[in-house]
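Here is a short report for a reader meeting this structure for the opening time. Look at the chain, then read on.

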Amino acid sequence: MTFIGGNPMGTMQAFSHAMLESKLFESIIAVMGFAMVMKLTECDKHLINLLIKPLRKAGTFLIPAAVLVTFFINISITSSAGCSAAVGAILIPLMIAAGIHPAIAGAAIYAGTYGAMFNPGYPQVALIVSVSDSNPVAVVANHFYPLLLCGVIGAMSLWVVAKIHHEDKGYKLQGEIVKQTEDFHVKLSHAIVPLVPIVILVLGSMNIVPIFKPLSISHAMIIGVFCAFLITRKNPQDISKEFWKGAGNSFGSVFGIIICALVFVNGLTSIGLIQQLIQTMINIPSVAKISSAIGPFLLGVMSGSGDAAAVAFNKAVTIHAADFGILPMSMGSVVAITGALGRTMSPVAGGMIICATLAGVSPMETAKRNAPGMIIATLAIMVIMLFIE
């Protein structure tokens with residue numbers, strides 16, 4: 001595209017510029033490193049078991065409950081694939097053993113993997129902050145209730161789908177009985193560690209605890225790492241190695257997507273497509289509102305990555321939101337959330353494949369069961385955040 005646009009070296013220049021996005025990189029490195037430490041110390045496992053054990057007697061309501069529990073856990077374990085693996089390994093066998101169809105069990109876990117948008121330290125929130133000149137807590141507060149509604153819609157829609165197809169109970173487990181987790185001893189001190197960075201960021205941003213106010217996302221994550229060491233007494237050398245392993249992995253799993261998306265945006269700009277799109281949105285504001293929701297959603301479905309679509313759109317279009325008569329913060333949130341909703345019903349998404357594998361079914365089977373809820377949630381958040389004043 002840059003070649004067609006008359007700037008053959010534009011791709012290289014865009015690559016170099018994307019590599020300098022230091023504000024995003026610092027946050028992502030810290031979040032991914034913290035997530036790896038949580039896995040090493042098993043603090044994430046304690047949090048998961050603390051939340052899922054009360055669900056054993058939920059019956060058919062285990063389906064929406066599983067979605068919402070995953071939704072909540074994803075706030076701390078922000079990687080959709082990582083959260084799917086951590087929660088699904090325990091909760092999917094539990095749901096199947098309770099008589100729920102495997103495809104519904106797998107879909108229920110992945111249907112809750114966009115709760116990370118509640119986390120002020122989540123990279124997508126940091127991106128919205130950068131394009132809206134706001135702060136993380138303000139961004140989360142702005143989309144808090146619409147996002148919560150999306151979670152409820154996704155949970156209840158999947159439950160209705162299971163009811164209609166009689167997949168909510170009565171499934172006979174084949175083979176040996178799935179091992180339960182009654183013998184797992186939950187330590188409350190371990191379970192609260194994954195929540196420490198979120199609490200620090202919220203208390204600091206709201207000035208409830210003034211000493212936390214100057215702390216950045218990366219600082220909060222590092223404090224969380226130290227808390228994990230003090231409580232679990234793991235070898236500090238192992239914790240350090242795991243933290244930097246997470247930081248290194250983030251270059252491939254997160255940075256690569258962001259850099260490619262920014263280079264792609266540069267290509268679109270080179271051929272004049274972005275400028276034409278922006279001008280069309282300025283002339284017809286309703287197009288901007290609809291495209292900011294439907295565009296990232298469809299890209300998320302097709303690519304299996306809500307992040308790529310959201311980064312590209314927010315970097316290219318959301319910065320002009322004021323010209324369309326839209327609050328940049330609202331437009332940025334809609335873009336990020338609908339991209340995640342599209343990814344949540346994509347059969348090629350990494351987390352979806354993990355959930356389907358754990359459930360022993362095809363990714364397409366789990367994806368199509370999530371589709372109705374994700375479509376309804378996308379329309380709902382678009383109307384609430386962009387059309388209702």
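Accessible areas come from the Shrake-Rupley method with a 1.4 Å probe, and for residues only the protein chains shown count as cover. On that basis, the accessible surface of the protein chain is about 16,700 Å², with 68% of it belonging to carbon and sulfur atoms.

This is a predicted model, in which local features need pLDDT of at least 70 and side-chain atom pairs count only at pLDDT 80 or more, while totals for chains, interfaces and linings use all residues. Residues are numbered from 1 along each chain as its sequence is written, and side-chain values use heavy atoms, with hydrogens and water left out.

**Overall build**

The protein chain has 18 helices and zero strands. Both are DSSP runs numbered from the N terminus: helices are H or I with at least four residues, strands are E with at least two. The radius of gyration is 21 Å, close to the 21 Å of the globule rule for 389 residues, so the chain is as compact as a globular protein of that length. That radius is taken over C-alpha atoms, and the rule is 2.2 Å times the number of residues to the power 0.38. Along the principal axes, the C-alpha atoms fill a box of roughly 65 × 50 × 40 Å.

Of the 389 residues, 53% count as buried. Buried means under 20% relative accessible area, exposed means over 50%, and partly exposed lies in between (1.4 Å probe, protein chains only). A contact means heavy atoms within 4.5 Å. Among contacts between residues at least 6 apart in sequence, 78% join residues at least 24 apart.

**Aromatic rings**

The structure holds six aromatic pairs. Rings of Phe, Tyr and Trp (its six-membered ring) pair if their centres lie within 6.5 Å; planes under 30 degrees apart are stacked, over 60 edge-to-face, and the rest tilted. F61 and W159 are stacked, at 5.3 Å centre to centre and 20 degrees between the planes. This pair links distant parts of the chain, 98 residues apart: F61 is in the loop between helix 3 (43-52) and helix 4 (62-73), and W159 is in helix 8 (residues 136-164). F61 is partly exposed, at 47% relative accessible area. W159 is buried, at 18%.

F144 and Y145 make an edge-to-face pair, with ring centres 5.1 Å apart and planes at 85 degrees. F144 is partly exposed at 33%, whereas Y145 is exposed at 63%. These two also belong to one aromatic cluster with F71, Y114 and F118.

**A covered helix**

Helix 15 (residues 306-316) is mostly covered, with eight of its 11 residues buried. Among them are F313, N314 and V311.

**Loop residues**

Most residues other than glycine have a negative phi. Which residues here have a positive phi of about 55 degrees without being glycine? H166 is one of them, and D133 has a positive phi near 55 degrees.

K213 sits in the loop between helix 10 (196-205) and helix 11 (217-232). K213 is partly exposed, at 48% relative accessibility. Beyond its neighbours within four places in sequence, K213 is in contact with G204, S205 and N207. K213 and M32 are 181 residues apart in sequence and 22 Å apart in space, C-alpha to C-alpha.
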